[in-house]
Amino acid sequence: MAWFARSKENIDRSAIKATDTMPDGMWVKCPDCKEILYKKQLEDNLFTCPKCDKHFRIGSDEYFLILLDDGVFVEHAATLIPDDPLGFVDTKPYPTRVADAIRKTDLKESMRLVTGSIEQIPVVLGAMDFDFIGGSMGSVVGEKFARGIDIAIATQTPYIMISSSGGARMQEAALSLMQMAKTSAKLAQLANARLPYISILTDPTTGGVTASFAMLGDVNIAEPKALIAFAGPRVVEQTIRKKLPPGFQRAEFLLEHGFADMVVHRKEMKQTVAKVLRQLHTLPL
Amino acid sequence: MAATALEFEKPITDLEAKIEEMRSLGESVDLSEEILMMEQKVEVLRQEIFENLTRWQRVQLARHPERPYTLDYVNTLTPDFTELHGDRGVHDDPAIVGGFGTIEGIGSVLFVGHQKGRDTKQNVYRNFGMPNPEGYRKALRLFKLAEKFRRPVICLLDTPGAFPGLEAEERGQAEAIARNLFEMSKLEVPIIIVVIGEGASGGALGIGVGDRVLMLENSWYSVISPESCSSILWRSWGFKEQAAEALKLTAPDLLSIGVIDRIVPEPLGGAHRDPDQMFATLRDVLVEEITALRTTEEFEHGKALERRVKKFSKMGYWKDEN
């Protein structure tokens with residue numbers, strides 16, 4: 001298994017990365033409470049609105065900074081990129097879509113895998129980037145996830161996955177579907193090794209990702225108001241032909257219905273994860 | 001035999017109608033030679049059409065209203081199928097059926113499968129074969145029973161998808177499917193999966209992790225239905241044929257990329273044209289598969305997870321820039 005050292009400083013890309021919820025410029029309007037926020041202030045607040053606690057969508061870079069001690073990590077399997085085994089073409093060929101995504105996001109796939117530590121506890125950490133083809137899961141995500149578990153078992157460290165995904169990637173069709181089986185089977189190996197798996201669910205986590213590794217945490221932690229679903233709200237609405245109740249499929253809804261252990265503010269995420277890990281992963285008495 | 005004809009079968013049914021017409025004339029004139037010729041022509045045409053099916057045509061065959069469903073197979077393959085009900089939590093989900101039955105030459109096995117309805121009333125009852133979380137949880141309860149009593153598991157997949165309803169979401173559709181993937185990957189008995197009709201996405205995979213994955217010749221299996229794929233990627237419902245082509249969702253496609261292990265041949269014209277032949281073929285295949293699994297060294301107790309990780313880890317393609 002290849003171990004790759006981080007090749008560049010990662011710290012400051014956040015402010016220039018464009019997403020629909022993080023517009024460029026000095027000022028940002030909170031889409032929920034309409035408060036006008038100075039961008040630096042938002043960043044200092046870990047991309048949550050100081051007024052209404054709206055959690056802005058962020059990427060792997062930001063999460064590594066937020067969760068890992070000193071923002072230091074070693075990245076693994078960073079050179080894996082998608083192939084096109086099916087020759088998939090919709091309105092454009094899949095390789096073009098991938099090339100566009102790579103150019104637009106400066107990422108190579110929708111998941112990154114790193115090792116680092118959280119309050120001095122060594123961890124293997126995976127994080128998804130929704131900006132990369134909707135955070136969709138194809139063969140590379142499945143393979144990175146699997147290698148992460150191999151590292152966790154080899155080094156006897158806990159595994160943490162931060163999900164943000166529209167689900168399985170259509171352009172890899174049945175192969176994407178099989179990544180659900182692959183990742184879940186690998187989690188069974190991790191469980192046999194008695195290593196903790198913490199699933200952090202962020203906005204949005206839907207489809208095949210929810211229906212595989214995102215729901216399988218020993219502890220499932222959701223960010224406030226994150227959309228977490230199997231079928232997206234629009235599909236459900238079309239099915240039942242009724243308006244959905246407010247808060248449906250949001251983090252708090254999952255907590256209420258028993259599918260998340262807790263809803264945790266991004267500012268408390270690191271200490272919460274550390275606390276859980278200490279409770280589960282310290283040497284037994 | 002008046003099976004509902006699909007649109008692409010029209011040239012065949014047209015000829016068949018002509019033959020019928022000639023037969024009725026035959027009472028006054030002798031047309032037996034012409035009829036014989038025409039019948040041969042029909043067979044040639046049928047061969048030709050079914051050897052060159054497009055992917056979308058196979059999808060239509062997989063959805064044929066007269067196609068055999070799970071209970072048709074189970075009740076024919078076992079003389080003593082005993083259906084077991086309920087997830088022991090919320091209720092019984094009729095979209096997934098399961099129970100034990102005896103196959104000659106193998107003994108008692110657990111069957112679990114999606115169940116569609118034959119008419120409107122049945123389809124409402126079966127929810128068109130779209131399970132709720134309770135269906136997956138019932139399946140898991142039965143898998144555990146099979147493990148406890150060391151019985152092989154046979155899963156028959158035939159669903160347009162897990163039900164995307166409000167209560168399904170409320171009761172954890174995603175968790176129910178995820179849990180099954182996790183548990184099935186380590187179940188200590190042989191599991192054989194057969195896609196008998198539609199294998200739509202997580203709703204199918206939710207009872208679809210096993211040691212051998214088979215597909216009937218005219219079934220389909222993918223991450224999404226061609227219609228939904230069309231609506232998302234083309235932003236229109238009108239590209240389902242193209243979507244079916246792009247998704248490479250047929251049995252030969254999936255065999256070639258290593259997602260499935262074997263194709264089970266169907267009678268000419270599809271499983272519904274000769275159900276008895278279909279049942280006999282599948283029975284032989286299952287006996288062969290289970291017998292082989294039982295005698296493989298790899299299949300000793302305690303190695304289930306290892307062999308399934310190995311199997312599913314191989315699925316995927318990527319490039320390494322290094």
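In chain B, B:Pro226, B:Glu227, B:Cys229 and B:Ser230 of helix α10(B) meet B:Lys240, B:Ala243, B:Ala244 and B:Leu247 of helix α11(B). Contact here means heavy atoms within 4.5 Å. By class, this contact has five nonpolar, one polar and two charged residues. Ala, Val, Leu, Ile, Met, Phe, Trp, Tyr, Cys and Pro count as nonpolar, Asp, Glu, Lys and Arg as charged, and the others, Gly among them, as polar. Helix α10(B) covers residues 226-233 and helix α11(B) residues 240-247; they pack at an angle of about 100°, with axes 8 Å apart. The two helices are therefore roughly perpendicular to each other. Angles of 65 to 115 degrees count as roughly perpendicular, under 35 as roughly parallel, over 145 as roughly antiparallel and the rest as oblique. Axes are lines fitted to C-alpha atoms, for helices over the stretch in contact, and angles run from 0 to 180 degrees between N-to-C directions. Helices (H or I, at least four residues) and strands (E, at least two) are DSSP runs, numbered from the N terminus.

The model is predicted: local features need pLDDT of at least 70, side-chain atom pairs count only at pLDDT 80 or more, and totals for chains, interfaces and linings use all residues. Residues are numbered from 1 along each chain as its sequence is written, chains are lettered from A and ligands numbered from 1 in the order in which they are written, and side-chain values use heavy atoms, with hydrogens and water left out.

Confidence was examined by chain. The pLDDT is the predictor's confidence in each residue, from 0 to 100. Chain A averages a pLDDT of 92, and 91% of the residues score at least 70. Over residues 13-18 of chain A the pLDDT is below 50, yet this stretch has 19 contacts in the model beyond near neighbours in sequence. Chain B averages 95, with 99% of the residues at 70 or above. For the complex, the predictor gives an ipTM of 0.96 and a pTM of 0.94.

Chain A holds an open sheet of seven strands with mixed pairing, in the order β3-β5-β6-β7-β8-β9-β10. Strands β3 (74-76) and β10 (262-263) stand at the edges, each with a single partner strand, so one side of each is left without a neighbour in the sheet. Two strands pair if DSSP finds at least two bridges between them. Three bridges join β3(A) to β5(A), which run antiparallel. In this pair, A:His76 stands opposite A:Leu113 in β5(A). Strands β5(A) and β6(A) are also antiparallel, over eight bridges. Here A:Thr115 faces A:Val124 in β6(A). Their hairpin has two residues between the strands, and A:Glu119 takes a positive phi near 45°.

Strands β8 (residues 197-205) and β9 (residues 219-222) of chain A pair in the parallel sense over four bridges. A:Ser199 stands opposite A:Asn220 in β9(A). At 5% relative accessibility, A:Asn220 counts as buried. Buried means under 20% relative accessible area, exposed over 50%, partly exposed in between (1.4 Å probe, protein chains only). Beyond four places in sequence, the contacts of A:Asn220 include A:Leu201, A:Ala214, A:Phe259 and A:Asp261. The C-alpha atoms of A:Asn220 and A:Met161 are separated by 10.0 Å, although these residues are 59 apart along the chain.

Helix α2 (residues 60-67) of chain A lies across β5 (111-118), β6 (121-128), β7 (159-165) and β8, running at about 10° to β5(A). Seven of the eight residues of α2(A) are buried, among them A:Tyr63, A:Phe64, A:Ile66 and A:Leu67. Their cover includes β5, β6, β7, β8 and α9 (266-281) of chain A. Strand β5(A) is likewise mostly covered, with seven of its eight residues buried.

The axes of α4(A) and helix α5 (residues 173-192) of chain A come within 8 Å and cross at roughly 10°. These helices are therefore roughly parallel to each other. Their contact includes A:Phe145, A:Ile149 and A:Ile153 of α4(A) and A:Leu175, A:Leu187 and A:Leu190 of α5(A). By class, the contact residues divide into eight nonpolar, five polar and four charged. A:Ser139 belongs to helix α4 (residues 139-155). At 0% relative accessibility, A:Ser139 counts as buried. A:Ser139 touches residues of both chains, including A:Glu172, A:Gln179, B:Gly316, B:Tyr317 and B:Trp318, not counting residues up to four places away in sequence.
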